[in-house]
Amino acid sequence: MENRTLGRDGKHVGVIGTGAWQLGGADWGRVSEKDALDTLSAALESGATFIDTADEYGDGRSEQVIGAFLRSLARSGAPRPVVATKMGRRVEQAPENYTAANFRAWLDRSRRNLGVERIDLVQLHCPPHQVYTDDVVFDALDALVEDEVIAAYGVSVRTCEQALIAMRRPRLTTIQIVLNMFRLKPLEQVLPAAARSGVGVIARVPLASGLLSGRYTASTVFEASDHRSYNRHGASFDVGETFSGVDFATGLEAVDRLRPMVPPGATLAQFALRWIVDQEAVSVVIPGARTAAQARANAAAAALAPLSETTLRAVRSVYDELVREQVHHRW
């Protein structure tokens, strides 16, 4: 798998990594610990050397599963992946909660869950907008680097505006942003700015919560505990994290338009991942997986040939004609 630089700290990771939200709680349906460990093993064996999690996924379960995986690698002497976690969503979303004392408490918990002394990368997890301009917050993050609690820090953002504000911070290593065939706005300013500044880009929600896997139809029913059921209208958290903010029916129509573009021998999901890999400013894309087979299929997308200019224009046409009006102005 192609390796790319993960922002300003200089680490190199496989361009397709692993998102571990699915391995945490019930937001995607329950995954057993064995299946979770098998999924992580398959991803690593396939060249995915970056894992992204958060302290709120399963209220720490995702981190704990990853911690067990890291211990198994240590016992075998195998090289370990870069592990990033996120913090801040386990408390009321008020700017005054983003303090140095809270950061240390949250990270102590994450370090215990992961079984590490120093976390490779910690990201503020879509914090309140005021946090991005608060020097005290970023001074606290700088101190955590100096104290070797973390190796580097970044931010996971909701909007392109927040990404551009965050990139002004000289020690910021990465931004994480929704980027997929249904969310093209980051291509306009965010990715060029990241390339100029050396900030890494972590592309999340690459399959639009599974819509771009092509497996769903109008009759698909998700479990009540699945965010694709309970958060379609943003009842629990930002609706942009569920189906990328696209109406489900519109998403299905767009998927039907995209299917004929899929290269021979590839799946729609692999096509969607390859589209992201073709964005040169992206450091790593983090599709989720619940099984070893899904992890291997995700990684295989990196081996596809780059998409043609004709195909890239056709993808944009689908976005412009069906999706843009719903999402472009919002994030």
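Reply: Eleven aromatic pairs are counted in this predicted model. One of them joins F103 and W106. Their ring centres lie 5.8 Å apart. Their planes meet at 50 degrees. That angle falls between the 30 and 60 degree limits, so the pair is tilted, neither stacked nor edge-to-face. Both residues belong to helix α3, which spans residues 100-114. They are three residues apart there, so about one helical turn separates them. F103 and W106 are both buried.

Ring pairs also build a cluster. Its members are W21, Y57, Y230 and F237. Y230 falls within the span of α7 (227-230).

A charged side chain meets a ring as well. R232 lies over the face of F248. The distance to the ring centre is 4.4 Å.

Now the backbone. Most residues other than glycine have a negative phi. V205 has a positive phi of about 50 degrees, and it is not a glycine. A208 also has a positive phi of about 50 degrees, again without being a glycine. V205 sits in the loop between β9 (200-204) and α7 (227-230). A208 is found in the loop between β9 and α7 too.

Are these two residues buried or exposed? V205 has a relative accessible area of 13%, under the 20% cut-off, so V205 is buried. A208 has 0% relative accessibility and therefore counts as buried as well.

Conventions. Residues numbered from 1 in each chain as written. Predicted model: local features only at pLDDT ≥ 70, side-chain atom pairs only at ≥ 80, totals over all residues. Heavy atoms only, no water. Helix = DSSP H or I, 4+ residues; strand = E, 2+ residues; numbered from the N terminus. Buried < 20%, exposed > 50% of the residue type's maximum accessible area, 1.4 Å probe, protein only. Phe/Tyr/Trp six-rings, centres within 6.5 Å; stacked < 30°, edge-to-face > 60°. Lys NZ or Arg CZ within 6 Å of the ring centre and 35° of its normal.
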